[in-house]
Amino acid sequence: MMRDVLSIVDLHVSVDGKLILKGVNLEVRRGEIHALMGPNGSGKTTLGLAIMGHPRYQVTQGRIELDGVNLVELEPHERARMGVFIAFQRPVAISGVRLADFLRHAVSDVRNPQRKEGDELVSMREFRKELREKMDQLRMDPEFARRYVNEGFSGGEMKRAEILQMAMLRPRFAILDETDSGLDVDAVRLASQSIAEIGGHEMGLLIITHHERLLEHNPPDFTHVMLGGRIVETGGRELAEFLHSSGYEEIRRKYPEAAAEEASMLAERTR
Amino acid sequence: MNSTSSATSAVSDQGFTREQFEEHIASRKQPSWLLALRRRAMDACESLPLPNSQMEEWRRTPLRMLRLQGFAPLAPRPETVPQVPSVLEPLLSPGGRLLTLDGRKVAGSLSEKWVDRGVVFDCLEDSALGPQADLVRDSLFSILDWNYDRFAALHTAFWTGGAFCYIPRGVRVDEPLFLLSALGSGQADLGHLLVVLDEGAEATLVSETASVESGGTGLYCGGIELILKPGARLRFVNLQNWNDAVWHFAHQKAVLQQGAYLEWTLGALGGMLAKVNQHLILDGEQAEAVVNGVMFTENRRHLAYHTLQHHKKPFTRSDLLYKGALQDRSHLVWRGMIRVDEGAIKTDGYQRNDNLILSDRARTDCIPGLEILADDVRCTHGATAGRVDDEEIFYAQTRGLTKREAARMIVTGFFQQVFDRITIDSAREALAEVIGRKVREYR
């Protein structure tokens with residue numbers, strides 16, 4: 001059994017009966033940074049949500065393995081308790097639930113995977129202390145923890161709240177789904193720096209991004225390009241840089257089959 | 001839809017007869033004005049039809065199973081004061097306390113310092129004959145529409161005991177007053193609560209209903225009158241927490257004079273069927289009312305609320321938020337109305353009812369309404385009914401929470417928005433605690 005390796009094998013995923021991922025293979029070791037790039041609609045977010053077990057994302061073939069366990073057979077909360085995390089591109093609001101209360105439950109569950117509902121939560125004192133430290137580190141106002149989860153948050157606040165949760169939950173593997181989208185240049189730089197500061201480099205990171213700046217403090221060991229529901233090419237940091245400057249046209253030319261898939265998926269979507 | 005005949009004939013017409021009325025009035029001492037009012041109400045009682053499904057207010061609220069003759073207007077006096085379970089009392093340090101059983105006072109106390117300042121918190125029926133007789137005469141049934149329907153008339157003719165709360169001019173009572181209304185199995189409570197705050201007076205009144213036994217039917221057919229003179233400030237909580245076999249018919253009305261302020265929190269956690277008319281009359285400039293409703297329904301409970309925010313004068317404000325969570329086969333009805341009279345300019349009225357449906361078989365009907373006869377007003381309303389959002393559950397699951405843990409957290413959060421508006425700490429905490437317990441039991 002391979003510990004601390006998240007491995008995705010021949011993953012096929014469909015959403016509402018439509019096949020989106022058509023055989024994805026990817027291996028992320030703890031301590032590695034992977035950039036996942038690709039044009040809109042290529043399946044990047046689908047991969048992230050499938051790893052977490054979103055109920056609308058049906059795995060029709062393949063495996064997602066961690067510590068010899070096939071995550072596909074687990075509930076989302078069990079995956080989280082095994083140390084897998086996602087920072088959402090557009091996190092939903094939970095009205096009336098304060099971020100601090102929400103996080104105290106989350107931390108209690110993730111740090112004690114056997115925890116049953118109603119079992120004790122982590123001590124309030126220690127939790128508060130730790131939360132305060134992490135918020136200081138992320139240059140967040142402590143009052144922020146008293147606000148309702150994602151309710152009325154600006155784009156930047158939402159992304160910082162996601163990074164705060166990641167910092168508190170200390171996952172082994174984290175998927176960052178366009179954590180840079182909707183942010184201005186300074187906010188992206190802050191997010192990029194924060195991910196490094198909270199110990200992101202000890203995790204296995206899968207960074208879905210269009211933005212070079214998010215990678216500034218998190219230089220990828222590997223860059224993967226997704227097209228038409230498959231990873232068509234893998235390279236190093238230079239591939240990310242190349243895609244940023246040149247776009248995806250050359251990739252499409254190089255992989256006409258995947259480009260055709262992309263075109264037909266887009267056509268189906270707009271129909 | 002039922003036809004008129006089947007609906008009316010199905011409802012028993014036999015309870016609270018003229019004969020019982022004569023016995024009732026013969027059994028008690030009362031001032032002549034009150035006796036005259038009772039007689040008029042009894043006449044009305046005989047001429048008004050029992051509510052049926054043809055009446056707009058009762059279209060969604062079925063009374064087929066109601067057997068009025070099963071309830072005696074006057075229960076035998078109990079030999080001992082029963083232990084009554086209360087959810088609010090453990091958190092309160094009241095300055096005055098009144099316990100009624102089947103509408104009749106069985107225990108009461110008011111701290112010396114408030115007695116000395118002229119505060120009254122006692123049995124209403126006794127007060128009508130006591131030193132406050134004139135005050136009671138001027139206030140009792142002065143705002144409540146005693147012939148609004150059959151239940152209002154029945155209440156007026158047969159009410160007993162009750163509670164009277166009077167705060168003299170300028171007196172600020174900074175301890176809550178607590179009224180606990182208990183109901184024995186098979187008994188009726190026709191109690192009346194009359195609250196008068198004189199000019200500039202302030203008080204917090206917490207009222208709770210409870211069944212002595214966890215099972216066994218009962219009938220509540222009561223009335224509440226809140227009279228706020230200019231500049232008075234009242235925080236009022238009424239929590240209906242009967243067992244789930246009790247019928248509850250309530251007429252509740254508040255009148256706010258100039259600059260008066262009312263925070264009214266209404267909770268409903270029990271009962272088999274409850275029909276409540278909650279009317280707010282903003283009858284003086286700058287009067288302001290905030291209404292909070294918290295409902296949690298289970299089993300086959302039916303709750304129906306008919307709310308009116310009536311702006312009679314300019315520069316008045318009202319803000320109503322009802323929140324309900326529905327389980328099992330329960331049903332929640334809310335019909336709201338904001339009425340703005342001609343000339344009541346600069347009115348600011350708001351009404352909203354949000355419901356969370358927790359079971360496939362639960363039902364809700366929310367019907368907001370506006371009747372605006374003045375220019376230059378701001379009135380808004382809204383109603384929502386929905387389920388716990390799957391995306392919110394998934395989000396919480398990705399943070400390690402189980403599906404149930406997530407759902408409960410979301411339901412608790414749903415109520416938090418109304419709890420945030422309740423300024424009485426004890427009431428807020430008690431309601432949060434009870435709702436929390438219900439949510440924990442939520443399947």
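Ala, Val, Leu, Ile, Met, Phe, Trp, Tyr, Cys and Pro count here as nonpolar, Asp, Glu, Lys and Arg as charged, and the others, Gly among them, as polar. The model is predicted, so local features need pLDDT of at least 70 and side-chain atom pairs pLDDT 80 or more, while totals for chains, interfaces and linings use all residues. Residues are numbered from 1 along each chain, chains are lettered from A and ligands numbered from 1 as written, and side-chain values use heavy atoms without hydrogens or water.

**Exercise 1. Describe the lining of the largest pocket by residue class and by element.**

Step 1: A pocket is an open set of points on a 1 Å grid over the protein atoms alone, where a 1.4 Å probe fits, with protein on both sides within 12 Å along at least five of seven lines, and lining residues have an atom within 4 Å of a point.

Step 2: The lining of the largest pocket consists of 36 residues, and those nearest its centre are A:Asp101, A:Arg104, A:His105, A:Met124 and B:Met409. Two or more lining residues come from each of helix H3 (99–111) and helix H4 (124–137) of chain A, and from each of helix H9 (403–419) and helix H10 (425–441) of chain B. Such helices (H or I, at least four residues) and strands (E, at least two) are DSSP runs, numbered from the N terminus.

Step 3: Sorted by class, the lining has 16 charged, 13 nonpolar and 7 polar residues.

**Exercise 2. Is strand E13 of chain B enclosed or open, and which strands pair with it?**

Step 1: Buried means under 20% relative accessible area, exposed over 50%, and partly exposed in between (1.4 Å probe, protein chains only). In strand E13 (residues 273–282) of chain B, 10 of the 10 residues are buried, so the strand is largely enclosed by the rest of the structure.

Step 2: In a regular strand, side chains alternate between the two faces of the sheet. In E13(B), B:Leu273, B:Lys275, B:Asn277, B:His279 and B:Ile281 lie on one side, B:Ala274, B:Val276, B:Gln278, B:Leu280 and B:Leu282 lie on the other, and both faces are covered.

Step 3: Two strands pair if DSSP finds at least two bridges between them. Strand E11 (residues 246–256) of chain B runs parallel to E13(B) over 10 bridges, and B:His251 has B:Asn277 as its bridge partner. Strand E15 (residues 302–311) of chain B is likewise joined to E13(B) by 10 bridges in the parallel sense, with B:Val276 opposite B:Tyr305.

**Exercise 3. How many residues of strand E8 of chain B are buried, and which strands pair with it?**

Step 1: In strand E8 (residues 202–211) of chain B, 9 of the 10 residues are buried, so this strand is largely enclosed by the rest of the structure.

Step 2: Strand E5 (residues 177–183) of chain B pairs in parallel with E8(B) over 7 bridges, among them the partners B:Leu179 and B:Ser207. Strand E10 (residues 233–241) of chain B runs parallel to E8(B) with 9 bridges, and B:Glu202 stands opposite B:Arg233.
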